[in-house]
Amino acid sequence: MTADLAVVGAGPAGLAAATTAAGLGLDVTLVDAGARAGGQIHRHAADDPPPRPVRRAARERRVTHLAAHHVWTVVPDGDTWLLHAVVGPDEAPATVRARAVLLATGAYERQLPFPGWTLPGVVGAGGAQAMLKSGGVLPGRRVVVAGSGPLLLAVATTLAAAGARVPALVEAADYRAYARHTGALLRNPAKLAQGALHGGALLRRTTRLLTRHAVTAAHGTTRVEAVTVTRLDARWRPVPGTGRRVPCDALAVGHGLVPQLELATALGCVTRRTPDGTPALDVDAEQRTCVPGVWAAGETCGVGGEELARTEGEIAAHSVAGSRPPRAAVRRRARLRGFADAMAAAHRPGPGWTDWLDGATEVCRCEEVTAAAIRASVTDLGARDARSVKLLTRAGMGWCQGRTCGPAVARLAGEEPAPDRRPLSCPVPLSQLAQPPGAER
Amino acid sequence: MTPAPFTLTFDGRRITALPGQSVAAALWAAGILAWRTTRHGGAPRGAFCGIGACYDCLATVNGRPNQRACLLPARPGDTVTTQEGTGHDR
Ligand code: FES
């Protein structure tokens with residue numbers, strides 16, 4: 001069967017796109033790697049009722065939801081597209097054929113390494129939230145939340161509500177940076193109210209909010225026992241002598257999100273650079289990528305939160321169906337994009353963060369490549385970009401293919417992070433690779 | 001409705017999981033944060049990204065090495081063992 005539209009990713013953007021397109025009469029196949037639809041934001045436990053957007057999609061007869069399908073490549077086949085996926089833990093092959101493709105693959109967390117960040121108990125901030133939402137578990141009782149970006153407030157609140165003590169919320173950016181963007185902020189009062197609410201709930205739980213500070217080391221032998229929190233200057237350089245130890249048994253850390261682009265870049269989609277320095281997909285006013293027949297929506301096009309993702313999904317669906325996107329949605333997108341850009345600029349990592357690395361800090365967690373080795377490849381061996389660093393040191397060549405260390409390695413090599421280029425977006429059994437894409441019917 | 005807990009083992013020790021929990025979540029619930037050692041340094045690792053991107057949470061489950069514990073649903077009777085290095089050396 002050939003679907004009118006295949007949507008990759010069942011987060012807010014993908015769900016909105018699928019339901020809107022179905023409402024406009026298209027047959028939609030929604031392909032998602034997760035066991036349950038909803039993406040990171042609507043992650044829920046198996047026995048919890050699904051959130052509203054998930055229920056809505058489930059009611060749509062014209063939407064076929066393929067869960068636990070990890071799409072690893074999209075290839076053209078005549079005037080249709082073939083999406084190849086591996087299914088579930090057993091990695092069985094599956095193929096979806098569709099006339100149009102919409103990529104809503106979301107984002108993952110940006111990590112900036114620091115001494116001790118490989119200790120058990122140091123976990124991604126978004127990851128801690130995800131594990132809590134879907135599994136009901138916490139990494140510890142006293143969890144410091146650190147990094148940068150609006151997600152931290154939400155994470156700290158969620159952890160605290162689940163019974164964790166959050167001794168400190170450590171934000172590297174200066175919230176005063178928002179003041180430069182009052183226009184965009186004032187047009188988004190709902191967002192501000194949401195932020196204040198999160199902040200207020202936290203204060204009542206006696207969390208210390210430290211802005212322009214970072215966790216510059218985690219301490220412990222087999223797991224985290226404490227972290228060092230240090231003041232930063234305007235360029236995110238740690239100010240000497242300002243470090244203080246905060247006891248804790250876990251650290252949830254993350255410096256914002258990076259769009260997940262491998263399927264798109266493999267297709268040849270063009271990227272743009274967002275105000276926080278990461279690449280995102282470049283789309284036109286109707287969410288089309290530069291590849292005819294391929295649309296994109298949500299964090300893939302630049303991180304901007306749930307409402308923007310939904311709006312983009314809705315606009316893209318109209319475009320795929322050949323109907324004009326609603327004016328209200330187009331206006332909403334402009335307003336929310338402005339806000340997202342202001343946030344991104346405020347939380348853009350300053351170049352001085354590399355000063356908190358010591359030589360022994362493992363920057364690439366998979367291949368255990370230290371900061372000293374990466375720096376030596378630049379200073380002694382003349383590497384000028386992340387690619388040469390990778391070839392000389394194996395940084396980014398391990399299991400995760402640089403998803404975790406990529407932005408940090410790029411910075412240490414003296415460049416801005418480049419768009420993901422991975423031949424495969426997830427591990428694929430060799431038997432499936434041996435079969436040329438397009439061979440299955 | 002409270003879902004019925006079930007048991008699995010980690011390095012021979014019985015731990016309790018709830019339906020819908022991933023293997024990583026079940027381990028966290030039992031206070032276990034590390035279930036892998038690195039290939040070169042032999043350092044302990046467990047779940048880091050929690051969403052399937054970092055591969056730090058690799059475990060040997062029912063004899064199969066390199067399973068991402070944060071994505072793998074826990075099943076009654078699962079045998080989870082600490083993965084040393086690549087998981088193929090012993
Ligand atoms: S914790 Fe990162 S892949 Fe499982």
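Predicted model: local features only at pLDDT ≥ 70, side-chain atom pairs only at ≥ 80, totals over all residues.

Arg99(A) belongs to strand S6 (residues 92–103) of chain A and Asp4(A) to strand S1 (residues 2–8) of chain A, so the pair ties together parts that are 95 residues apart in sequence. Over all chains, the structure holds 18 salt bridges. A salt bridge here is a side-chain nitrogen of Lys or Arg within 4 Å of a carboxyl oxygen of Asp or Glu; strands (E, at least two residues) and helices (H or I, at least four) are DSSP runs, numbered from the N terminus.

## Helix H8 and its partners

Helix H1 (residues 12–23) of chain A crosses H8(A) at roughly 35°, and their axes come within 7 Å. Axes are lines fitted to C-alpha atoms, for helices over the stretch in contact, and angles run from 0 to 180 degrees between N-to-C directions. From H1(A), residues including Ala13(A), Ala17(A) and Thr20(A) take part in the contact, and H8(A) brings Gly313(A) and Ala317(A), among others; contact means heavy atoms within 4.5 Å. By class, this contact of H1(A) with H8(A) has seven nonpolar, three polar and three charged residues. Ala, Val, Leu, Ile, Met, Phe, Trp, Tyr, Cys and Pro count as nonpolar, Asp, Glu, Lys and Arg as charged, and the others, Gly among them, as polar.

Helix H8 (residues 306–321) of chain A also packs with helix H9 (residues 327–347) of chain A, at an angle of about 145° and with axes 9 Å apart. Among the residues in contact are Glu307(A) and Ile315(A) of H8(A), with Arg333(A) and Leu336(A) of H9(A). The contact of H8(A) with H9(A) has six nonpolar, one polar and seven charged residues.

## Where the chains meet

The contact draws 32 residues from chain B and 37 residues from chain A. About 2900 Å² is buried between chain B and chain A, 60% of it from carbon and sulfur atoms; buried area is the accessible area (1.4 Å probe) that two parts lose on being put together, summed over both.

How many salt bridges does the rule find across the interface of chain B and chain A? There are three. Glu367(A) and Arg39(B) also meet through their side chains in a salt bridge (3.0 Å, N to O).

## Reading the values

Residues are numbered from 1 along each chain as its sequence is written, and chains are lettered from A and ligands numbered from 1 in the order in which they are written. Local features need pLDDT of at least 70, side-chain atom pairs count only at pLDDT 80 or more, and totals for chains, interfaces and linings use all residues, while side-chain values use heavy atoms, leaving out hydrogens and water.
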